[in-house]
Amino acid sequence: MSARSAEAGDQVEIALVKAGRTKIRYPAELLADDGVRLSVRAPWAAEGVRDFGFVRFEPGDVFTEHYWRDRWYAVKEVRSGDGTLKGWYCDVTRPAAVDGGTVLVEDLDLDLWVSADGTEVLRLDEDEFAASGLAASDPEAAESAVAALDALEALGRDGLRALVGRTG
């Protein structure tokens, strides 16, 4: 799927894989695809509420998600059902792969949260990443993942809006 083969408004499916298993699949509306960055919009896809302490994801929330074919992360702008910006949830992933109408993303455990006002920039799940064994099984991927988290943290402190543009 590229800008030439899909158009804004088309439906795609996001498939998030972790440790070789599909974690979640959900439909999303394609907003843009320039061949490098793919942007979609989707409602909160999990069941019920997920309270992380620093943010709650719940039914009615809308995610504008940005995936890159050449970067080791995805950035998800999170808004409540009334359009209020909650913040950005960033996943460290292998570069996105697109096959037909499916966007395949491999989660590498590391995450970053940036609050809507930019005052909170939280590195998440570093313990899960260490326990995953990626550093031993694929040291190059582990190095890329850590570099991606560092880059996301710097972007988070400078403002992610500049990276993804105005989406809401």
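Five strands each supply at least two residues of the lining of the largest pocket: E1 (11-18), E2 (21-33), E6 (62-68), E8 (85-93) and E10 (102-115). Strands, like helices, are DSSP runs numbered from the N terminus; a strand (E) has at least two residues and a helix (H or I) at least four. The model is predicted, so local features need pLDDT of at least 70 and side-chain atom pairs pLDDT 80 or more, while totals for chains, interfaces and linings use all residues. Residues are numbered from 1 along each chain as its sequence is written, and side-chain values use heavy atoms, without hydrogens and water.

The largest pocket has a volume of about 500 Å³. Among the 24 residues that line this pocket, Leu16, Lys23, Trp44, Arg50 and Tyr89 are the closest to its centre. A pocket is an open set of points on a 1 Å grid over the protein atoms alone, where a 1.4 Å probe fits, with protein on both sides within 12 Å along at least five of seven lines; lining residues have an atom within 4 Å of a point. Points are joined across faces, edges and corners, and the volume is the space filled by probe spheres set on them. The lining divides into 13 nonpolar, no polar and eleven charged residues. Nonpolar covers Ala, Val, Leu, Ile, Met, Phe, Trp, Tyr, Cys and Pro; charged covers Asp, Glu, Lys and Arg; the others, Gly among them, are polar.

The structure holds ten aromatic pairs. In one of them, the rings of phenylalanine 52 and tyrosine 89 have centres 5.8 Å apart and planes at 35 degrees, so the pair is tilted. Rings of Phe, Tyr and Trp (its six-membered ring) pair if their centres lie within 6.5 Å; planes under 30 degrees apart count as stacked, over 60 as edge-to-face and the rest as tilted. This pair links distant parts of the chain: phenylalanine 52 lies in the loop between E4 (50-51) and E5 (56-57), and tyrosine 89 in E8, 37 residues apart.

Tyrosine 89 is buried, at 10% relative accessible area. Buried means under 20%, exposed over 50% and partly exposed in between (1.4 Å probe, protein chains only). Phenylalanine 52 is partly exposed, at 23%. The rings of phenylalanine 57 and tyrosine 89 also have centres 5.8 Å apart, but their planes stand at 80 degrees, so this pair is edge-to-face. Phenylalanine 57, in E5, is 32 residues from tyrosine 89. Phenylalanine 57 is buried, at 3%. Ring pairs link Trp44, Phe52, Phe54, Phe57, Phe63, Tyr89 and Trp113 into a cluster.
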